[in-house]
Amino acid sequence: PRHLGGVRRSPSGGAHEVVSPAWRGPRVALGYSRYVLSDGRGAGAVHAAHFAGWFPFGRCRMGGLAEAGSRSYALGPDDAIVRAAVTLGYQHLPGLGPGVPYVVATGSGGITFARRFHTPVTELLLGGGLEAGVDLRLVRTLFLGVGLSFLHLQLGATAHDIFMVQARVGL
């Protein structure tokens with residue numbers, strides 16, 4: 001059984017064990033994202049680090065993330081990318097076991113910073129989509145998570161349908 005804190009009697013009925021309370025606040029994670037925003041010349045791979053958080057409202061999962069990374073560009077230096085996203089959806093809590101699968105809708109916005117032939121260029125990034133994944137609890141509140149997203153993103157004047165892979169570790 002799951003304890004919220006206090007003293008728990010051992011199964012033999014003898015000694016007592018002090019149980020610290022389980023963390024009931026927001027979950028936070030550091031992670032890595034990989035996706036492709038094509039530059040039209042065979043490049044466009046994005047590698048980014050992100051900080052994510054969400055509130056555990058039972059079966060409702062509501063949160064967001066902030067991401068920063070780089071996007072490869074075939075004809076010059078890589079672009080910098082900064083992106084934020086908000087999520088809202090469902091997480092399945094099967095008896096509070098070690099795995100928590102989830103499906104969320106995602107809204108995303110960001111900006112890219114680039115140089116094209118010695119000229120600074122910035123482009124707005126907007127879009128949304130769906131993400132599905134699972135968080136696997138290792139010890140107490142420490143977990144590993146993976147997610148796969150399908151997003152429709154508008155970068156400047158071009159639209160991109162992308163698949164994003166995320167890996168994360170958190171509390």
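Reply: Quick definition before we dig in: a cavity here is a set of grid points where a 1.4 Å probe fits but cannot get out. Keep in mind that this is a predicted model. By that definition, the structure holds 2 cavities of 30 Å³ or more.

Let's start with the largest cavity, which has about 160 Å³ of space. Its lining is made up of 14 residues, and A52, W54, R61, T87 and E131 are the ones nearest the centre. The largest share is from β4, with 4 residues. By class, you're looking at 6 nonpolar, 5 polar and 3 charged residues around the largest cavity.

Now for the second largest cavity, with a volume of about 60 Å³. Its lining consists of L65, R83, A85, T87, T106, E131, S149, L151, M164 and Q166. Two or more of these residues come from each of β6, β9 (142-155) and β10. Here β6 provides the largest share, 3 residues. The lining of the second largest cavity splits into 4 nonpolar, 4 polar and 2 charged residues.

If you're tracing side chains on screen, T87 and E131 are worth a click: both lie among the residues nearest the centre of the largest cavity, and both also line the second largest cavity.

Technical notes
Residues numbered from 1 in each chain as written. Predicted model: local features only at pLDDT ≥ 70, side-chain atom pairs only at ≥ 80, totals over all residues. Heavy atoms only, no water. 1 Å grid on protein atoms, 1.4 Å probe; cavity = no way out; pocket = protein on both sides within 12 Å on 5 of 7 lines; lining within 4 Å. Points joined across faces, edges and corners; volume = space filled by probe spheres on them. Nonpolar A, V, L, I, M, F, W, Y, C, P; charged D, E, K, R; others polar.
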